[in-house]
Structure formats: C-alpha cells, structure tokens
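Trainee: I have a new model on the screen. Can we walk through it together, piece by piece?

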Amino acid sequence: MAAEFIRIWVEEDIEQLSKQLLIVGESFSDCGNCRHLGLDFAQTRTCPECKVEFKFVTSRYAGGGAAERFRWLRKIKSKRPDLKFIDYDDYERNRARIRARDIFK
Ligand SMILES: [Zn+2]
C-alpha cells in the first residue's frame, strides 16, 4: 500500500500557530516566533533563541504551484513526522490578512 499526501483542513489560531512554526528553507530553517535563522529542521525540537517548542512546519518550496512541492513534503515529513505540515500559501495568506487588520486597529 502506497501512502500519498492529501490535505485535511482544520481551524487553527494563526497567531498561535506562527509561534510554534518551523519554516524550512533551502539550506537552513528559521523560527516563526523570533525569526532566528540557521536552524537544522531535521534536528531542532526547540528554538535555541526563544526556546519555543515547534509543533508545526512549513516551507515556501512546498507552496501551491511549486513543481518541487512533493519532494519537499517527503523530505520534511520523513525527517519530522512529529510536526504538522502547514501549507505555505495558507499560512502567508492568513498572515497578510492579520497584518492588514492590525494596521486598522
Ligand atoms: Zn525562536
């Protein structure tokens, strides 16, 4: 039986999620809470800077139209099955909406 990736939509508090998010980049990853750079996504359980415990993961390389999306998904999920994978476009869209809302506060 071959397992494939499929999206399941859930409701999450985006501001809370951002604080527990590991953002995977080409060579290094960064902390969604304090933006600390240079993390190894495969090894890092907590941010060395702000000490947050990561529960979610995303990568801009696994965004909506990216041809490389599934290669990155497999790479990340194989190393970090403990983290919930967040769609990068969903994350960015919601962050932009929150930023726009905060401007008018
Ligand atoms: Zn941090």
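Mentor: Start with the hairpin. This is a predicted model. S1 and S2 form a hairpin, and 4 residues lie between the two strands.

Trainee: In which sense do S1 and S2 pair, and over how many bridges?

Mentor: Look at the partners. Leu 22 has Cys 31 in S2 as its bridge partner. Val 24 is bridged to Ser 29 in S2. S1, residues 21–24, pairs with S2 in the antiparallel sense, over 3 bridges.

Trainee: How do S1 and S3 run, and how many bridges join them?

Mentor: Take one pair to start. Ile 23 stands opposite Thr 58 in S3. S1 and S3 run parallel, joined by 4 bridges.

Trainee: What is the strand order in the open sheet?

Mentor: S1 pairs with S2 in the antiparallel sense, while S1 and S3 run parallel. The pairing in this open sheet of 4 strands is mixed. The order is S2-S1-S3-S4.

Trainee: Which are the edge strands?

Mentor: An edge strand here pairs on one side only.

Trainee: In what order do the elements of the protein run from the N terminus?

Mentor: Count them before you order them. The protein has 3 helices and 4 strands. From the N terminus on, the run is α-β-β-β-α-β-α.

Trainee: Are the S1 residues buried or exposed?

Mentor: Leu 21 and Ile 23 point one way from S1. Leu 22 and Val 24 point the other way. Whichever way they point, all are buried.

Trainee: Which element gives the most residues to the largest nonpolar core?

Mentor: That core has 17 residues, and Leu 22, Val 24, Phe 41, Val 57 and Ile 76 touch the most other members. S1, helix H2 (69–79) and helix H3 (88–103) each give two or more residues to this core. The element that gives the most, with 4 residues, is S1.

Trainee: Where is Arg 35, and what is its phi near?

Mentor: Arg 35 sits in the loop between S2 and S3 (56–59). Arg 35 counts as exposed because it has 11 C-beta neighbours inside 10 Å. Most residues other than glycine have a negative phi. Arg 35 is not a glycine, yet its phi is positive, near 70°.

Trainee: Is Lys 51 buried or exposed?

Mentor: Lys 51 also lies in the loop between S2 and S3. Its phi is positive, about 70°, although Lys 51 is not a glycine. Lys 51 has 10 C-beta neighbours inside 10 Å, so it counts as exposed.

Trainee: How far apart in space are Arg 93 and Thr 58, C-alpha to C-alpha?

Mentor: Arg 93 is in helix H3. Arg 93 is exposed because 12 other C-beta atoms lie within 10 Å. Arg 93 and Thr 58 are 35 residues apart in sequence. C-alpha to C-alpha, the distance is 13 Å.

Trainee: What radius of gyration does the protein have?

Mentor: The C-alpha trace spans about 50 × 30 × 20 Å along its principal axes. For 105 residues, a compact globule would have a radius of gyration near 13 Å. The protein agrees with that, at 14 Å.

How values were computed
Residues numbered from 1 in each chain as written. Predicted model: local features only at pLDDT ≥ 70, side-chain atom pairs only at ≥ 80, totals over all residues. Pairing = 2+ DSSP bridges. Buried ≥ 20, exposed ≤ 12 C-beta atoms within 10 Å, placed from the backbone. Core = buried A, V, L, I, M, F, W, Y, C linked by C-beta atoms within 7 Å. Rg over C-alpha atoms; globule rule 2.2 N^0.38 Å.
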